[in-house]
2 protein chains.
Amino acid sequence: MAAELTAHDLIAKHRPTLDQALEAIRTRAYWSPHPEHPKAYGADGSLDAAAGKAAFDAVLGTRLDLGQPGTDDWVGGETSPYGIELGVEYPHADIDELLPAMKAGQRAWRDAGAEIRAMVCLEILKRIGDRTHEFAHAVMHTSGQAFMMAFQAGGPHAQDRGLEAVAYAYVEQVRTPDTAEWTKPQGKRDPLALTKQFTPVPRGIALMIGCNTFPTWNGYPGLFASLATGNAVLVKPHPRAVLPLALTVAVAREVLAGAGFDPNLVALAAERPGEGIAKTLATRPEIRIIDYTGSTAFGDWLETNARQAQVYTEKAGVNTVLVESAGDYRGMLSNLAFSLSLYSGQMCTTPQNLLIPRDGIRTDEGPKTYDEVVADLARAVDGLLGDDARANGLLGAIVNPDVKARLEAAAGLGEVALASREVSNPEFPAAVVRTPVIVKLDGAKPDDEAAYMSECFGPVSFAVAVDSAADAVELLRRTIREKGAMTVGAYTTDEEVERAVQEVCFEEAAQLSLNLTGGVYVNQTAAFSDFHGSGGNPAANAALTDGAFVANRFRVVEVRREA
Amino acid sequence: MAAELTAHDLIAKHRPTLDQALEAIRTRAYWSPHPEHPKAYGADGSLDAAAGKAAFDAVLGTRLDLGQPGTDDWVGGETSPYGIELGVEYPHADIDELLPAMKAGQRAWRDAGAEIRAMVCLEILKRIGDRTHEFAHAVMHTSGQAFMMAFQAGGPHAQDRGLEAVAYAYVEQVRTPDTAEWTKPQGKRDPLALTKQFTPVPRGIALMIGCNTFPTWNGYPGLFASLATGNAVLVKPHPRAVLPLALTVAVAREVLAGAGFDPNLVALAAERPGEGIAKTLATRPEIRIIDYTGSTAFGDWLETNARQAQVYTEKAGVNTVLVESAGDYRGMLSNLAFSLSLYSGQMCTTPQNLLIPRDGIRTDEGPKTYDEVVADLARAVDGLLGDDARANGLLGAIVNPDVKARLEAAAGLGEVALASREVSNPEFPAAVVRTPVIVKLDGAKPDDEAAYMSECFGPVSFAVAVDSAADAVELLRRTIREKGAMTVGAYTTDEEVERAVQEVCFEEAAQLSLNLTGGVYVNQTAAFSDFHGSGGNPAANAALTDGAFVANRFRVVEVRREA
C-alpha cells in the first residue's frame, strides 16, 4: 500500500473503535462512537453547524464529478420536500464500462484482508461523521425529515448502523482462521498432515438500492456489509434522494484511493427520470448481492428475478400496537402520540393499527371506553403538535405527493377521530407539513378490514375496535403473517395477555416493544442493541444486523497442501 | 422436563464434546470424537461388528413403525446395489395430519433454548454412533459403498458433519445474549433504560431431502442444523436409500421423547414408487427450510419454486484436476488413481476432468508426454485395482442403472486410455462392480467439449489435452463458472501456475487441493476443518459448514420493556 493512509495508521486509529463495536454487539448494551448532539461537532476537524450548512450550500447547483469511468451524461433534478431545487448534477454511467471498471480493484481489496477492509470502512464512516452537519442538510432536503431528525437519524444513527454492519462482517470473516495445521494420527504409521489456508472471497459487485425516506440509515448497512466483505458496491439512490448517497460515494472513493485501493470499488448509478435503471442493474450477471428498501412490489420482483444475486429486502408491512390495559395511561398516550407524529409517520416502523377492545380498557386512571381512549390519544397528538414550531420540528415535510394523497384519502375510510391539519413552515413555505390523521375502524367489518390490512404509509393510523384481547391477539397474528411488520407494540398490565402477544411475536417473528411510556419509542431502534426487523415475516427478509445479514456476502475458499 | 434424560445429565454428558467441537471449528485442527476403526466399537454400550450385523439383519423384512401420526399406509421396496431385497416397510404419511402434529412440540423445543437443543442433538448422535456398525450395513446396502467406506463415511464422518452443524448452530444462536440492560445517557436528565430479551425462534418445519449415495453424510448437516436451531425436521429420503435415514429418525424420536420433548419434531416421509412427494412437500407453506442433495434439475426447481423456504442445495458440478508438472510423479499417480477409484467415482467430489498439456509435463522423473501421463495413470489405476478383493473394497457397487449406462456410453466418447472392467464380488454375486474408465479428449475440439463440460457422474474421467498451462487455467475457470465444482485439484511445481490456479479458485469460489501425493485425497473433506463446497459456484449454494449454513435457519425476536 503506497498511500497516504497506511495500514499501520488505519489500525492505530480505528482498531479500538472496531473492538468496542465488537463488544457492543456481544453485550447489546448502549454504545455509540457518533455524537448525537449538533453542538458536539466542530472540533477535531469536524464541521460545526455553520460550516456544515456552508458545505451543503456550496454543493447546491454544482456538478458532483466523482471521477467515475464510463460517465456518459449528467443527471439531476432533485427538489427538496421543503421546496428547494437542489440543482446538483451527478454522473450517469455507461454500465458496460462502469461495471468492468468496478471489478478491476477487487483482487487487491480481497487480498487486503478483513481487518484492513474494516479499517478503511471505519475511515469512510469517520469522514462522513466529520461532515454530519453537511449530511444532515442533504438528508433533510431529500427525505423531508425535520433538521434534528435528519441530523440524528441520517447522521450518527446511520453511521452506527454502518459500523455495526462492519463489525458483523469482520467477525464473520475472522471466525475461520487464515491458516491451520491439520494432523491426523494414523496409528503406527506417520500421521496425515496438511497445511490449510482459508481466504474470504467476495461474491462480486453488490448493488445497494437506496430509498427516499432514509437514504443513509437504510443504505449504510448493506453498503458497508458488502464492502467490508470484499465486494465492490454500486449505489443506486432513489431519484429523489441522491445527494446523501452521492456524498457518501464521494467520501468512500476518496478514502479508498487514499488507502491505495481502486476508488471504483464504490460507485454511483444515478438515473434519468423514468429510466428505471434498478431493474437493468439488478439482473446483470456481475451483480451478486442486492440490498433494497422500498415497496413490496419491487422487492418481490427483485426476489423473483434477480436470481443470480443474494437479495436482502425491506418492504411494506403493517405495524400494530395492541392496547389492552395501561399501568400509566398518560405515559402511554404521550408515547404513542410521539410515535405517530415523528416524521409524519413516514417510517417503516411507525405504528399503523391501534387495536383497542370495543368494551374499553382498564387503566391506572380507571376504566376508559374505546371512544375515550381514541379521543384521549387524539388530544395527546393535538397537544404535542399544538405549537407550530414544535410541530414542524417533529413532523418534517411530507416526502412526496403519494403520501399526501394517501393522507387525504384516509379521512374517507371511516370516522375521523383526529383530523389532519396543515402546518405552515415559515422558513420553507413550500413544504407540505401535515399532522397525522386517526381514523376509527371496526375490526369486525369486512369493508374496514380492507383498509387496516393494507399498509397506508404516512401520517395515517387506524383505531381498530376489536371484540376482546384474544381477538386483538389473533388479529395481530394474522396481520404479521399476511402483511408483515417491522414493529409490534403492546400495552397491557395482564401477564396472560403479555404472554399471548409475546407468543405471537415469537411464532410470527416480529420485534416487540412492551408498555413504552417514556423517551423510547416503538418506531426507533438503536444499533448495536436493537434488531431492526426480524427477517422472518413478510416485511423484510433480513434483520439489521445479524449474522445472516453478512454471512452470505462472501465465501471462504480453502487451499490445502501436504505439510 | 419430566423425562429419563434430564437437562442436567445431558449437559454433564455432552457439554464437553460441544466445547471441543466449538474449539475445533475455530482452530480447524484435526479433531473427531467418533472413532474410525471398526474395532473401536463394542465397549460402553456400542455395538461391535457382530452385534451391528445382527441388528441390521434383524431389521430386514420388518415393518419399521416409527409411531408417527397420520400414517395411512406402509411403503418400502429397497433393493441393495449388492442384490439383497431389504424388505423393510416404512410409514407413509398423510401430510395433512403429520405436518400439524410436527408443529405441536415446537414451542417447548424453542423454549428449551440453544444449549439444551444442542445437548439433545448430541445424544441423538451418540446413540447413532453406538450403532455405527448397524448403520454401516444400512448405508452399504443402499448406497452401494463398500463396507469400510460405508462404515467410515456413513458412520463417524457423517456423525462429525452432524456435530459440526450443531456446533455452528449453537454458536450462532448464543452470539446474541438472552438479555441485555440498555442505558442511554441523556445529559442532565435521567438516562433512558430498557431491559431487552432476545429469543432465537425457529422458521418452522425443515425438509431434508436425502440422496442415494450418501444418505447420512449429506443428510446430517441440514437435519442437525435445522433441529438445533429449533425447527422440526421432516426427512424425505431417496427411495433407494431410506433405511439409514429411517433408523436416524427412529433414534431422534426416541431421544426427543426421552428428554421430554415431542418425538414428532422429527419425522420420516417415505413415498410410494413414482409418488414424487418431494415437490408436494417442498411447496407446502409449513416448510420453511429445505436441504437437498441431488440433480441440478431438481435443485434448480426447488430454488425457483419453494420460495416460502430457505433452500440449501448441492447439485451437479464438473470437478477438475489440472496436471501441469509434478514434483512427485509416482505419488501424484497413486493419489489420483485412488481418487478416481474410490466408490467407483460416485462422489460429488470425484475428479472428472484431468487437464494435461498436450506437449507433456515436467516431473521429478523427467519430462512425460501427454500419452505417457495418461498411460501411467491408467497403469496406476490398474495396479490399485488389480486384486479383486482390494478392488471390491475400494470400488463398492454401482449404485443404480443410470450410472452403469453412463459408464458404458463413456467409452464411445473418445479414445479409451483405460477400459472399465467387471469385477466379480464373491460375497454378493449380483453386485455390479466396475473399474473406472479413462477417456482421452481434446480440449480444443467442440465435440469433445460437449462431453467434458457435462457432469458424467460415476467412474468416468476424461484426460483432456490442453494447449498450455494458461489454457488449462482458463478452461478451469470456465468450467467452474458455468458448471460448478465441489473440488479442484492441481499438480504443479511452478509458483506462477500455482498462483494462477489459486486466483481462479478465489474468483470462482472453489475449494482447491494442491499437489496431493499421500494419504489425503481431493475427494475427501474432514469435518471441523475442511469446507465441503464453497456455496459460491453453481455446484452448491451452501458450504458444509459455515455461518451462512446456519444463520438463516432461525431468527432472533427481541422483546423490550422499560427497565
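Analyst: The discussion below goes from helices to the interface and then to the loops. This is a predicted model in which local features need pLDDT of at least 70 and side-chain atom pairs count only at pLDDT 80 or more, while totals for chains, interfaces and linings use all residues. Residues are numbered from 1 along each chain as its sequence is written, chains are lettered from A and ligands numbered from 1 in the order in which they are written, and side-chain values use heavy atoms, with hydrogens and water left out.

User: How are two packed helices described?

Analyst: Two packed helices are described by the angle between their axes and the distance between the axes. Axes are lines fitted to C-alpha atoms, for helices over the stretch in contact, and angles run from 0 to 180 degrees between N-to-C directions. Helices (H or I, at least four residues) and strands (E, at least two) are DSSP runs, numbered from the N terminus. In chain A, the axes of helix H4 (residues 106–130) and helix H7 (residues 156–174) come within 10 Å and cross at roughly 175 degrees. H4(A) is therefore roughly antiparallel to H7(A); angles under 35 degrees count as roughly parallel, over 145 as roughly antiparallel, 65 to 115 as roughly perpendicular and the rest as oblique.

User: Which kinds of residue make up the contact of H4(A) with H7(A)?

Analyst: They divide into 10 nonpolar, four polar and two charged. Here Ala, Val, Leu, Ile, Met, Phe, Trp, Tyr, Cys and Pro count as nonpolar, Asp, Glu, Lys and Arg as charged, and the others, Gly among them, as polar. The residues of H4(A) include Cys121(A) and Leu125(A), and those of H7(A) include Val166(A) and Tyr170(A); contact means heavy atoms within 4.5 Å.

User: At what angle do helix H6 and helix H7 of chain B pack?

Analyst: Helix H6 (residues 147–154) and helix H7 (residues 156–174) of chain B pack at about 15 degrees, with axes 3 Å apart. H6(B) and H7(B) are therefore roughly parallel to each other.

User: How is the size of an interface expressed?

Analyst: It is often given as the accessible area lost when the parts come together. Buried area is that loss (1.4 Å probe), summed over both parts. Chain A and chain B bury about 6,100 Å² between them, 47% of it on carbon and sulfur atoms. Arg175(A), Phe506(A) and Arg560(A) supply 13% of the area that chain A buries against chain B, more than any other three residues. The contact takes 77 residues from each of chain A and chain B.

User: How many salt bridges does the rule find across the interface of chain A and chain B?

Analyst: The rule finds 16, a salt bridge being a side-chain nitrogen of Lys or Arg within 4 Å of a carboxyl oxygen of Asp or Glu. Asp530(A) and Lys196(B) meet in a salt bridge with an N to O distance of 2.7 Å.

User: Where is Leu544(A) found, and is Leu544(A) buried or exposed?

Analyst: Leu544(A) is found in the loop between strand S20 (512–514) and helix H19 (547–551) of chain A. At 7% relative accessibility, Leu544(A) counts as buried; buried means under 20% relative accessible area, exposed over 50%, partly exposed in between (1.4 Å probe, protein chains only). Leaving aside neighbours within four places in sequence, Leu544(A) is in contact with residues including Trp217(A) and Asp530(A). The peptide bond from Leu544(A) to Thr545(A) is cis, with omega near -20 degrees.

User: What is the phi of Phe528(A)?

Analyst: Phe528(A) has a positive phi of about 75 degrees although it is not a glycine. Phe528(A) is found in the loop between S20 and H19 of chain A, and at 0% relative accessibility Phe528(A) counts as buried.

How values were computed. Buried area = accessible area lost by both parts, 1.4 Å probe.
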